[in-house]
Amino acid sequence: MNNLKIEQDGGVVTVRLHRPHVLNALSAELLTELLDILRPLDKNPQVGCFVITGSERAFAAGADIKEMAGRTASEMAAEDYFSGWEEFAAFRTPKIAAVNGLALGGGCELAMMCDLIIAGESAAFGQPEIRLGVIPGIGGTQRLTRLVGRPKAMDLILTGRTMDAHEAERAGLVSRVVPDGRVLPEALETATVIASYGRPAVTAARECVDRALETGLGDGVLFERRVFHGLFATEDQKEGMSAFLEKRAPVFRGR
């Protein structure tokens with residue numbers, strides 16, 4: 001198994017997809033390797049952010065079609081094929097997708113499982129599964145619709161077309177567009193900022209934003225308020241507010 005390259009710098013862990021011969025297509029082996037590596041890191045309080053990236057040519061060009069093509073419907077159902085990706089999506093550590101080149105099919109879905117997408121100007125996003133006689137299977141119909149709305153999601157999924165980084169930013173899929181050579185540096189700088197904050201507050205913030213997609217406004221605001229109240233039991237809240245009043249930089253300990 002050599003589908004990934006891992007680097008850690010302080011609280012930031014960078015995961016580079018490394019299947020250059022197939023434009024980083026997402027295989028079952030890659031997923032197993034990814035989960036085995038990130039599962040313990042997700043529980044490590046010293047780790048504050050994951051950065052997921054690919055190559056200059058492709059973040060990930062899709063799922064591994066060769067691996068799937070010969071399977072039957074009963075085999076796919078029995079394996080609950082692709083279900084393991086939900087464990088990655090559920091990791092509590094913030095995830096940034098640093099996207100150069102193609103992010104298509106499963107690659108677009110992987111990027112959408114992350115909390116932020118920072119894209120190069122030449123990046124391209126899409127869900128072209130309709131061209132293969134299927135539909136997105138790693139959450140594409142659900143996450144894309146929540147992020148960009150029904151009209152844009154229908155456009156992309158029913159036509160199979162791609163959209164460039166600037167259209168993706170206007171649609172609400174991409175957080176930032178930067179020059180191609182700045183994608184990974186920008187992602188790492190952003191990850192370092194996130195990792196510098198207290199983990200209880202970061203985790204709570206992510207949960208509240210995600211809850212906004214699942215509930216009505218009243219329930220969401222109530223959930224946010226209860227979480228806000230609960231953070232006053234943390235050491236980081238005491239440190240953060242004391243540092244503000246004392247006009248110094250806070251030192252968060254993740255407690």
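Helices (H or I, at least four residues) and strands (E, at least two) are DSSP runs, numbered from the N terminus. The model is predicted: local features need pLDDT of at least 70, side-chain atom pairs count only at pLDDT 80 or more, and totals for chains, interfaces and linings use all residues. Residues are numbered from 1 along each chain as its sequence is written, and side-chain values use heavy atoms, with hydrogens and water left out.

**Figure 1. The whole protein.** The protein has twelve helices and ten strands. Its C-alpha atoms fill a box of roughly 60 × 40 × 40 Å along the principal axes. Of its 255 residues, 43% are buried, meaning under 20% relative accessible area with a 1.4 Å probe, protein chains only.

Figure 2. Strand 1 (residues 4-9) runs antiparallel to strand 2, and six bridges join them; strands pair if DSSP finds at least two bridges between them.

Figure 3. Five of the six residues of strand 2 (residues 12-17) are buried. Strand 2 pairs with strand 3 (residues 49-53) in the parallel sense over five bridges, and V12 has C49 in strand 3 as its bridge partner. From strand 2 the chain passes through helix 1 (residues 28-42) to strand 3 in a right-handed β-α-β crossover: with the strands pointing away from the viewer, the path from the first strand over the helix to the second runs clockwise.

Notes
Buried < 20%, exposed > 50% of the residue type's maximum accessible area, 1.4 Å probe, protein only.
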